[in-house]
Amino acid sequence: MVTQTTNVPQAWLLRGGSEPEYLVYRALLRTGRREPADFQYQAKVAGGSQVRGGAIPDFLIESPRMAINVQSRYFHSRTANQRSHDQQVRLFLEGSNLRVAYISEDQARQNADFFVRRALSQAVVQGPIGVLQ
């Protein structure tokens, strides 16, 4: 198993992005997509986190219309509240006709290109860490 390593640019970190999110971002670019025309990073859906019921997926893709969330074990599986929040966000987004794909930090580091293309193909539906595995 080969793990990708990369130097994450300071500008990405200043946007609030993590290394696994950067790997997914770069993989999206390699599909020929460009930000902001083809996808948005941390797009606010229905007002984002400032509005009850809103959400902020890591990546909002225009075609196919969907969201990709990158999940780390630390932030997404430590507590029942975190897992419940992830499930609520998924239900909200999918109730808004926005399919959600999840890529774990390990998948992003192992082969972001493969897992991004798999998510975009809609071939595999994988739930949030610790919820719908």
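The paragraphs below lead through a predicted model, from its sheet to the helices and the cores. Local features are described where pLDDT is at least 70 and side-chain atom pairs count only at pLDDT 80 or more, while totals for chains, interfaces and linings use all residues. Residues are numbered from 1 along each chain as its sequence is written, and side-chain values use heavy atoms, with hydrogens and water left out.

The sheet is open and is formed by four strands in the order 1-2-3-4, with mixed pairing; strands are DSSP runs of E with at least two residues, helices are runs of H or I with at least four residues, and both are numbered from the N terminus. Two strands pair if DSSP finds at least two bridges between them, and strand 1 and strand 4 are the edge strands, each pairing on one side only. Strand 1 and strand 2 run antiparallel and are joined by three bridges, and tyrosine 41 has phenylalanine 59 in strand 2 as its bridge partner. Strand 3 (residues 66–71) instead pairs with strand 4 in the parallel sense, over six bridges, and there isoleucine 68 is the bridge partner of alanine 101.

Although strand 4 lies at an edge of the sheet, six of its six residues (99–104) are buried, so the strand is largely enclosed by the rest of the structure. Buried here means under 20% relative accessible area, with a 1.4 Å probe and protein chains only. Arg99, Ala101 and Ile103 are buried on one side of strand 4, and Val100, Tyr102 and Ser104 on the other.

Helix 5 packs on the sheet, touching strand 2, strand 3 and strand 4, where contact means heavy atoms within 4.5 Å. The axes of helix 2 (residues 19–30) and helix 5 (residues 105–121) come within 9 Å and cross at roughly 35°; axes are lines fitted to C-alpha atoms, for helices over the stretch in contact, and angles run from 0 to 180 degrees between N-to-C directions. Among the residues making this contact are Leu23, Val24 and Ala27 of helix 2 and Ala108, Ala112 and Val116 of helix 5.

The largest nonpolar core has 23 residues, of which Val24, Leu28, Phe59, Ile61 and Ile68 touch the most other members. Such a core is a set of buried Ala, Val, Leu, Ile, Met, Phe, Trp, Tyr and Cys residues joined through side-chain atoms within 4.5 Å. Helix 2 gives the largest share of this core, seven residues. Leaving aside neighbours within four places in sequence, the contacts of valine 24 include Phe59, Ile68, Ile103 and Ala108.

Definitions and conventions
Buried < 20%, exposed > 50% of the residue type's maximum accessible area, 1.4 Å probe, protein only.
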